[in-house]
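Colleague: I would like to learn how to read a few features of a protein model, step by step. Could you take me through some of them?

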Amino acid sequence: MHPTRLARAVRVLVTGAALAVLATLAGCGSQDHADEALGTKAAPQPQQKKKQAAQALPGMPPVLDASDLYAADRPNQLSPVVRDFPSRVYVPNTNSNTVSVIDPKTYKVIETIPVGTQPQHVVPSWDLRTLWVNNDRGNTLTPIDPKTGEAGDPVDVHDPYNLYFTPNGKYAIVMASLDRRLVFRDAHTMKTVKAVPVSCYGVNHADFSPDGRYFIVSCEFSGELLKVDTERMKVIGQQKLPFHGAMPQDVKISPDGKKFYIADMMADGMWVLNGDTFAKPDFLPTGKGCHGLYISRDSREMYISNRGEGSISVFDFTRNKLTKKWHLPNGGSPDMGGVSADGKVLWLSGRYNSEVYAIDTRTGTQLARIKVGSGPHGLAVYPQPGRYSLGHTGIFR
């Protein structure tokens with residue numbers, strides 16, 4: 001997000017303006033498809049897993065591996081729901097009000113889809129059936145059917161800067177950044193269930209605890225973090241980051257679920273937080289303009305985009321340290337993105353260069369630099385492995 005958004009006037013949330021999505025809307029799905037989205041029906045669980053499930057958010061699918069929250073995200077481990085979807089990279093162009101669609105095999109833009117005003121992120125729905133384009137200033141969500149690539153009718157949603165889903169698939173959570181609200185909506189119709197006012201500025205990114213009981217939110221403009229109770233839909237913790245001018249961005253939990261990592265584009269690194277205690281976080285420098293965080297398909301590494309210096313840092317979870325830094329040839333502004341289904345390519349938008357970068361995850365070599373519209377931001381690589389989506393550009397479990 002560009003810092004000048006802070007100067008815009010805070011708009012009044014229109015809670016009654018949400019338009020229900022018809023049941024026939026492309027890709028919307030229903031709760032009846034939950035087992036299909038997960039790839040299998042629930043099997044009897046060992047006693048330990050039953051205990052873990054009892055402590056988890058009601059309705060949340062059981063964690064596959066308590067030591068690795070990303071165990072369902074292995075290379076090409078696609079759900080039956082998405083297995084036949086064509087592989088594409090969807091790029092929201094914030095200034096052009098379009099979505100560029102890239103064929104990752106040819107590195108070519110094959111379609112440009114007109115959407116609403118200031119599209120910020122392309123977000124996979126919890127049931128994997130829909131891609132939601134967050135038209136922030138247009139106050140709408142545009143649904144795209146990832147099977148056909150066709151866009152549906154926009155749905156009225158106020159200030160949808162970013163979008164997440166509760167781990168049980170019950171609610172969508174709109175990060176209403178300028179409205180200063182977390183808005184819980186029905187995950188399928190997008191009707192408002194509860195709007196939660198926040199006292200920080202610029203809510204934008206989040207990730208959930210292993211049991212789904214809470215999630216951590218970054219507040220970009222006031223340099224704060226929130227801890228939110230998922231079931232109660234209530235802020236239960238708030239803290240100011242210990243850096244003057246902090247501007248937290250992307251949030252990701254570690255594979256073992258013990259730490260949250262929060263990118264900070266002004267502190268030029270990541271905050272490392274114990275979500276359970278919500279105590280003062282530690283800090284790890286990565287590079288200028290630290291922005292996006294993406295987990296490798298083997299859960300061993302995390303790719304960190306440093307937008308201010310045109311680089312990608314690589315963090316090794318097992319060694320608990322940064323091990324590599326890749327610099328884009330001729331610079332760039334790597335921002336948000338995702339990892340290919342096979343894990344071999346990291347895709348990132350070039351926010352200030354009207355381009356997208358494809359990077360080899362084994363060597364850091366730039367494979368392609370593709371021209372798109374103006375202000376490319378939260379691109380989604382789709383489909384990706386996983387049983388369900390927690391939102392953003394693709395957080396899968």
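This is a predicted model: local features need pLDDT of at least 70, side-chain atom pairs count only at pLDDT 80 or more; totals for chains, interfaces and linings use all residues.

Colleague: In which order do the strands of the open sheet of 4 strands lie?

Modeller: Strands of a sheet pair through backbone hydrogen bonds, either parallel or antiparallel. Strands here are DSSP runs of E with at least two residues, helices are runs of H or I with at least four, and both are numbered from the N terminus; two strands pair if DSSP finds at least two bridges between them. In this open sheet the order is β12-β13-β14-β15, and the pairing is antiparallel. β12 (203–208) and β15 (234–240) stand at the edges with a single partner strand each, so one side of each has no neighbour in the sheet. From one strand to the next, the twist averages 25°, where axes are lines fitted to C-alpha atoms (for helices over the stretch in contact) and angles run from 0 to 180 degrees between N-to-C directions. β12 pairs with β13 (residues 214–219) over 5 bridges, and D207 has I216 in β13 as its bridge partner.

Colleague: Why is strand β17 described as largely enclosed by the rest of the structure?

Modeller: Burial is judged by relative accessible area, with buried meaning under 20%, exposed over 50% and partly exposed in between (1.4 Å probe, protein chains only). In β17 (residues 260–264), 5 of the 5 residues are buried, so the strand is largely enclosed. Both of its faces are covered, with F260, I262 and D264 buried on one side and Y261 and A263 buried on the other.

Colleague: Which strands does β17 pair with?

Modeller: β16 (residues 248–253) is joined to β17 by 4 bridges in the antiparallel sense, with I253 facing its bridge partner F260. Between these two strands the hairpin has 6 residues, and G257 takes a positive phi near 75°. β17 also runs antiparallel to β18 (residues 269–273), to which 5 bridges join it, and I262 stands opposite W271. The hairpin of β17 and β18 has 4 residues between the strands, and D268 in the turn has a positive phi of about 65°.

Colleague: How far apart are the ring centres of F85 and Y382?

Modeller: A pair of aromatic rings is described by the distance of the centres and the angle of the planes. Rings of Phe, Tyr and Trp (its six-membered ring) pair if their centres lie within 6.5 Å, and planes under 30 degrees apart count as stacked, over 60 as edge-to-face and the rest as tilted. The count by this rule is 13 aromatic pairs. The ring centres of F85 and Y382 are 6.4 Å apart with the planes at 40°, so this pair is tilted. F85 lies in the loop between α2 (47–55) and β1 (88–93) and Y382 in β28 (residues 380–382), so the pair ties together parts 297 residues apart in sequence. F85 is buried at a relative accessible area of 12%, and Y382 is buried at 1%.

Definitions and conventions. Residues are numbered from 1 along each chain as its sequence is written. Side-chain values use heavy atoms; hydrogens and water are left out.
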